[in-house]
Amino acid sequence: MCPIPPQTSPPPPEAQAERRWGREYHRYAIGIVIALHLALGMSVMLSTSRTPSPEPAPRSVDVVLFETTVPEKTIAEAKPEPGKVEPPAAEIPPLPELPPAKVGESPVPPQPVVEAIPVPAVVEAIPAPAVIAPPPPPPPPVAKAEASTPPKLFEECVDSPDRHMVADVYSLRTGTQSVMEMRRRKPIKRVCLAQLNIAPREFREGFPGLDTTTDWFGLDIRFTVNVAEAGTWELMLFSDDGAILSIDEQDVINNDGIHPASPEMAMVKLDKGLRNFRVRYFQGPAHGYLALMLGWRKPGAADFDYLPRRLIGRPPAAMLARE
């Protein structure tokens with residue numbers, strides 16, 4: 001069986017009238033609210049349209065007036081402001097000459113339009129090219145002179161008969177302190193030279209003509225000197241390292257030992273004729289310089305000089321054989 005819903009009785013007429021009135025009241029209230037919103041919107045729009053626009057700010061125009069001439073009286077009466085230094089009259093640039101403004105025109109004259117006036121180019125007259133003569137032919141090449149090789153200080157005695165000083169070369173042990181070391185050794189070669197004029201030089205250069213001989217070697221040099229006149233002579237022996245000078249088997253200057261280049265001098269009385277000279281020299285360690293120079297000063301002379309080559313001769317064979 002299907003249930004039968006209960007039947008409800010219709011509401012009384014007072015309740016229906018009250019509901020109708022409530023619905024109408026709500027519609028009226030909504031209409032009033034909408035009308036108020038529309039009124040407020042219209043008033044805002046009207047007030048915005050009636051607001052006056054701001055006036056534009058006044059524009060400032062700098063007016064620079066130039067006078068065509070300046071009265072001398074006005075310049076003389078013008079006084080400089082305190083603390084202001086007026087420039088010299090020579091440095092004031094001249095005022096430009098402009099036409100005066102016409103009556104009725106604007107106080108601000110329009111800026112003149114300055115058109116660029118082309119400046120005519122200065123064309124210099126180009127001279128006609130001169131006729132240039134052809135250059136002369138170059139001179140024929142000159143053969144370059146070869147640099148002459150300086151003569152060696154030491155040469156083989158057979159090949160140099162004009163070199164009268166005979167020197168025996170010795171190889172010395174490291175640490176040698178005297179020329180006397182050569183007495184215990186035999187010479188390794190014999191050479192001849194013309195003069196004892198070996199000025200101080202780097203030891204690496206060695207003696208010209210002795211190849212790579214630079215240190216720990218000795219020279220026993222013998223020759224004769226033909227003394228032209230008897231007298232007292234001053235002799236000087238300059239060496240680095242040690243050296244000893246003997247005349248007629250007598251030691252007259254002893255500059256032996258390891259030392260820098262230094263001179264030793266002695267006064268020697270020599271008779272006229274041939275005198276046997278002997279110079280023993282050695283070079284020590286490979287450092288500093290080497291040097292060997294022999295000179296004399298004649299009686300009454302002011303300066304030392306080398307022994308003249310015309311007075312130097314080969315030693316006798318007996319002298320070379322004797323130690």
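Of the 323 residues in the chain, 27% are buried, a term used here for under 20% relative accessible area, with exposed meaning over 50% and partly exposed in between (1.4 Å probe, protein chains only). The model is a predicted one, in which local features need pLDDT of at least 70 and side-chain atom pairs count only at pLDDT 80 or more, while totals for chains, interfaces and linings use all residues. Residues are numbered from 1 along each chain as its sequence is written, and side-chain values use heavy atoms, with hydrogens and water left out.

Turning to charged pairs, the structure contains nine salt bridges, each being a side-chain nitrogen of Lys or Arg within 4 Å of a carboxyl oxygen of Asp or Glu. Asp-220 takes part in a salt bridge with Arg-278, with 2.8 Å between the closest N and O atoms. Because Asp-220 belongs to strand E4 (residues 217-227) and Arg-278 to strand E9 (residues 273-283), this pair ties together parts that are 58 residues apart in sequence. Asp-220 and Arg-278 are both buried. The side chain of Asp-220 also meets that of Arg-222 in a salt bridge (3.0 Å, N to O), and Arg-222 is buried as well.

A further group is a salt-bridge network that links Arg-173, Glu-181, Arg-184 and Arg-185. Within this group, the side chains of Glu-181 and Arg-184 meet at 2.8 Å, N to O. Glu-181 is buried, at 7% relative accessible area, whereas Arg-184 is exposed, at 63% relative accessibility.

Terms used. Helices (H or I, at least four residues) and strands (E, at least two) are DSSP runs, numbered from the N terminus.
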